[in-house]
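Work through the exercises below with the sequence and the structure at hand. Try each task before reading its solution.

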Amino acid sequence: MDRRCFLAGTAATVIVLPLARASATQEAMAEAIRKVVGTTTPTEGRVKLDVPPLVENGNTVPLTITVESPMTAADYVKAIHVFNEKNPQPNVLSARLGPHSGKAIVGTRIKLGDSQRIVAIAETSDGKFWIGGADVIVTLAACLEEST
């Protein structure tokens, strides 16, 4: 292979790859959750998502996750994981906490590619998993910009 063929092939690959659209699905989200919880079924409750039910612009959506926990050395939230079903990646974030965190609250802003369900899972120091979710309607999507 000569240098010109190699460079032409590399340029074609670089141009084609960004045009492929990645998108998560409910199955991809379920698999991402399985990687966190294993075979355990998370229990509903203790996890609250504070996110607007209707957002005009999916580019910056405020999200706060609160988990009911005493946050003591014997009973605390070890991690909070957030997932979605329609963005390019189902994993939104994972935050590690400890008994010295004070409160089990995580706040951030996320992009949403479409109207979808957001799910948060809290992992506690006793090895249990708690789950909560919220549906969000997005009128102007983010994450899925068309290339021109």
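**Exercise 1: A glutamine side chain**

A polar atom of the Gln116 side chain lies 3.0 Å from the backbone oxygen of Asp114. The model is a predicted one.

Task: Find which backbone nitrogen lies 3.2 Å from a polar atom of the side chain of Gln116, and decide whether Gln116 is buried or exposed.

Solution.
- Step 1. The nitrogen belongs to the backbone of Glu85.
- Step 2. Compare the distances with the cut-off: a polar contact needs N or O atoms within 3.5 Å. The 3.2 Å to Glu85 is within that limit, and so is the 3.0 Å to Asp114.
- Step 3. Gln116 has a relative accessibility of 4%. Buried means under 20%, so Gln116 counts as buried.
- Step 4. Leaving out residues up to four places away in sequence, Gln116 touches Asn84, Glu85, Lys86 and Asn87, as well as Ala134, Asp135 and Val136.

**Exercise 2: The other end of the strand**

Task: State in which strand Thr124 is found, and which residues Thr124 is in contact with, leaving aside neighbours within four places in sequence.

Solution.
- Step 1. Thr124 is found in strand 8, which covers residues 116–124. Gln116 is found in strand 8 too.
- Step 2. With neighbours within four places set aside, the contacts of Thr124 are Arg46, Tyr76, Val77, Lys78 and Trp130.
- Step 3. The relative accessible area of Thr124 is 1%. The limit for buried is under 20%, and therefore Thr124 is buried.

**Exercise 3: The partners of strand 9**

Task: Work out which strands pair with strand 9 in the parallel sense, and how many bridges join strand 8 to strand 9.

Solution.
- Step 1. Strand 1 (residues 43–44) pairs with strand 9 in the parallel sense, over 2 bridges. Here Glu44 has Ile131 as its bridge partner in strand 9.
- Step 2. Strand 3 (residues 54–55) also runs parallel to strand 9, joined by 2 bridges. Leu54 has Ile137 as its bridge partner.
- Step 3. Strand 8 and strand 9 run antiparallel and are joined by 8 bridges. The partner of Ile121 in strand 9 is Ile131, the residue that is also the bridge partner of Glu44.
- Step 4. Strand 8 and strand 9 form a hairpin, with 4 residues between them. In the turn, Gly127 has a positive phi of about 85 degrees.
- Step 5. Strand 9 spans residues 129–138 and is mostly covered, with 7 of its 10 residues buried.

Technical notes: Residues are numbered from 1 along each chain as its sequence is written. This is a predicted model: local features need pLDDT of at least 70, side-chain atom pairs count only at pLDDT 80 or more; totals for chains, interfaces and linings use all residues. Side-chain values use heavy atoms; hydrogens and water are left out. Buried means under 20% relative accessible area, exposed over 50%, partly exposed in between (1.4 Å probe, protein chains only). Contact means heavy atoms within 4.5 Å. Two strands pair if DSSP finds at least two bridges between them. A polar contact is a pair of N or O atoms within 3.5 Å; within protein, one must be able to donate a hydrogen and the other to accept it, and residues adjacent in sequence count only if both atoms are side-chain atoms.
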